[in-house]
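Work through the exercises below with the sequence and the model open.

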Amino acid sequence: MIQTHQDIQYLQGVGPARAQTLERELAIRTVGDLLTYYPYKYVDRTHIYQISEIDGNMPYVQVKGRILSADTVGEGRNRRLVARMSDGTGVIELVWFQGLKYALKGYDFNKEYVAFGKPTVYGGRINIAHPELEEVRPDHLDTSKTGVFMPAYNTTDRMKRGGLNSAAMAKLTRHMLTLFDHPFAETLTPYLTEHYHLIPYDTAIRNIHFPESAELLRRAQVRLKFEELFYVQLNILRYVRDRIRRYRGLMMPHIGTAFNTFYHQHLPFQLTGAQKRVVREIREDMRSGRQMNRLLQGDVGSGKTLVALLSALIAIDNGFQACIMAPTEILAEQHLQTLRNLLGDMPVRVELLTGSVKGKRRTTILADLAAGTINILVGTHAIIEDNVVFARLGLAVIDEQHRFGVAQRAKMWQKNDTPPHVLVMTATPIPRTLAMTLYGDLDVSVIDELPPGRKPIATLHMFDSHRASIYKKVLREMEHGRQVYIVYPLIKESEKSDMKNLEEGYVQICRQFPQYKVGKVHGQMKPADKDAEMQRFAAGETQILVATTVIEVGVNVPNASVMIIENAERFGLSQLHQLRGRVGRGADQSYCILVTNYEIGNDTRRRLQIMVDSTDGFEIAEHDLKLRGPGDLEGTQQSGMAFDLKIANIATDGQILTLARDAAQFIIDHDPDEANPQNTILWRRLKELRKTNIYWGAIS
Ligand code: ADP
Ligand code: MG
């Protein structure tokens, strides 16, 4: 009998060469891997289009006809095989760029064929590149054997060259499924399948490949998505359960002099409702007896620093120290200044520790920290180094957390015998569904309200042919004493030409505004030079800063009122939003100008329009997630929580995700010791999955 762990090589139709290709291209090693290599779409094979109906915007189609001619054209890399197929209503070109020799091998000009593929328009003619070509057989439209829906599997060029196109994958899979002559064992407990109205695993796995009907396909998808997300959530929540059992939280029940004095005498403004709510949530955590692991999300300028300070004051009132870690020296210094200004003459000692703090100064700080006379330590990752010892660290705040790795967060835990409470802050809003997966082990607080009196930033999309009017705007702002950022993309792959753009832009700006001082920063400068240049801008010594995205993180120059983003089409939406957040920090009107050239596609136009229409970071993040998928979103790569999902889509399956999360929570709550025999199947399955998915061990 066939088993899921069997080597794919021994499946009929595979063999050593194809097995190697499958492994290298898709990491398919076993029968089970093939079983869970799901189609990415289905094609209704009952429908055959007339060639005259086809246009370049259609998805995959089938046409039926005879081949009139086949010729090899072009030279070198352009060499291709072009066949012309006609069905009497029109002619379509079938094109091969690779495997020219084999494409039409054994082909009979007198027979009718069905061509299947994605039509596109090239040079005014409609063609299908690398179509699947099948002889028309009498049973072609007899869907009793093949089903109405033909699965389509993603394959790579190398696979296609080795004869493993989508149709071949379907054939292998179909054959494999017939070998499983017993039903597949169930992978969820009966009460879950019943409660959520899920079809059996066996039905689901067979129908996901070869759906018997549209309805069964839909239910198979729901069942498999639920299951996938359920196990991801069960894994996360089990980890949370273990963490709660292992670590007791530091008890911080008091609100005392430090907090009260600050709150009543030093707070320069009213907290926003959202800030108040979040501080309450944090306070509850800190006195709960459980270790806090909280993610604070709040758009740029929403006032997270103040929340961090208030939390630190609670720790201080309970006899503990606090630290705030920022990703850059500039940010750390800015935090130090902000905190000292806010605290005024209060007896709370705040010190700075970065890589630049050296010698005697460093020795003093380290000694005082260990003696407990420093209340709040602000710094860069220098503060997690092993020789930095706190007397009693009670709260660790990590600002702009997506800039740090999981390991760095973990190091914070070891700074006290009992791990401190941890508050991680981010200005990259993450849609709720994504947070549930990426940061599923953290509680989430959201500041969804900006301090009053901020004018929304006016965002414009302009073409570079209108540069004159862009510069006019810049000039007007500078005449009013304001400052301007001009940002260029710097992408690794095209670093050279990007640097050239930046340099040319810099020269052009200097020439355009000779009466003003222009600064320049990019990632290839020495950190010290970069910092110095940033400081000059922050101090108002330069009026224009030409930069790459190095300025993205948290820098606060309230006097800057214009953000110009060149080649805006090359940035992700969330990144554009982050950059835009560098302006609009004062009470006056600020502007963000997205510059592109005129020849951009409709998709790009639409994307930029989202920026023009919305200043809501969450809304933008939702769009970004839908447009680019979770893997590309900023913050996801660093999280450590992989979601190498095979079927569920975090961007679109939010509802199923919520149900799966609830189900997993229910299991953890009602069977915390994993003693209920009904659930044995779940724990066993989780264990198997953890073995096959290398990422599942490491959670944020
Ligand atoms: P971010 O969340 O981006 O870190 P900051 O903490 O730097 O935002 O706050 C941005 C600005 O808003 C700061 O100048 C801060 O003093 C100000 N601010 C914070 N909270 C309030 C409030 N409740 N009312 C008015 N201004 C506030
Ligand atoms: Mg901040």
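**Exercise 1: the ligand site**

A polar side-chain atom of K304 lies 2.7 Å from an oxygen atom of ligand 1. This is a polar contact, that is, a pair of N or O atoms within 3.5 Å; within protein, one must be able to donate a hydrogen and the other to accept it, and residues adjacent in sequence count only if both atoms are side-chain atoms. The model is predicted: local features need pLDDT of at least 70, side-chain atom pairs count only at pLDDT 80 or more, and totals for chains, interfaces and linings use all residues. Residues are numbered from 1 along each chain as its sequence is written, chains are lettered from A and ligands numbered from 1 in the order in which they are written, and side-chain values use heavy atoms, with hydrogens and water left out.

Task: describe how the protein surrounds ligand 1.

Step 1. The side chain of Q275 has an N or O atom 2.8 Å from a nitrogen atom of ligand 1. S302 contributes a backbone N or O atom, 3.4 Å from an oxygen atom of the ligand.

Step 2. Check the cover. Of the 570 Å² of accessible area that ligand 1 has on its own, the protein covers 78%. Accessible areas come from the Shrake-Rupley method with a 1.4 Å probe; for residues, only the protein chains shown count as cover.

Step 3. List the shell. Ligand 1 is surrounded by 16 residues, of which Q270, G301, K304, T305 and R454 are the closest. A residue belongs here if one of its heavy atoms lies within 4 Å of the ligand.

Step 4. Sort the shell by class. There are 5 nonpolar, 7 polar and 4 charged residues. Ala, Val, Leu, Ile, Met, Phe, Trp, Tyr, Cys and Pro count as nonpolar, Asp, Glu, Lys and Arg as charged, and the others, Gly among them, as polar.

Step 5. Sort the shell by element. Helix α12 (residues 304-317) supplies the largest share, 3 residues. Helices (H or I, at least four residues) and strands (E, at least two) are DSSP runs, numbered from the N terminus.

**Exercise 2: the setting of K304**

Task: is K304 buried or exposed?

Step 1. Locate the residue. K304 is in helix α12.

Step 2. Apply the cut-offs. Buried means under 20% relative accessible area, exposed over 50%, and partly exposed in between (1.4 Å probe, protein chains only). K304 has a relative accessible area of 9%, so it is buried.

Step 3. Look for a partner within the protein. A polar atom of the K304 side chain is 2.8 Å from the backbone oxygen of G298.

**Exercise 3: strand β21**

Task: which strands pair with β21, and why does β21 count as largely enclosed?

Step 1. Find the pairings. Strand β18 (residues 483-487) pairs with β21 in the parallel sense over 5 bridges. Strand β22 (residues 591-596) also pairs with β21 in the parallel sense, over 4 bridges. Two strands pair if DSSP finds at least two bridges between them.

Step 2. β21 is largely enclosed by the rest of the structure because 6 of its 6 residues are buried.

**Exercise 4: strand β9**

Task: which residues of β9 lie on each side?

Step 1. Recall the rule. In a regular strand the side chains alternate between the two faces of the sheet.

Step 2. Assign the sides. In strand β9 (residues 149-152), F149 and P151 lie on one side and M150 and A152 on the other; all are buried, leaving both faces covered.

Step 3. Name the partner strand. Strand β1 (residues 41-44) runs antiparallel to β9 and is joined to it by 4 bridges. M150 in β9 is the bridge partner of V43.
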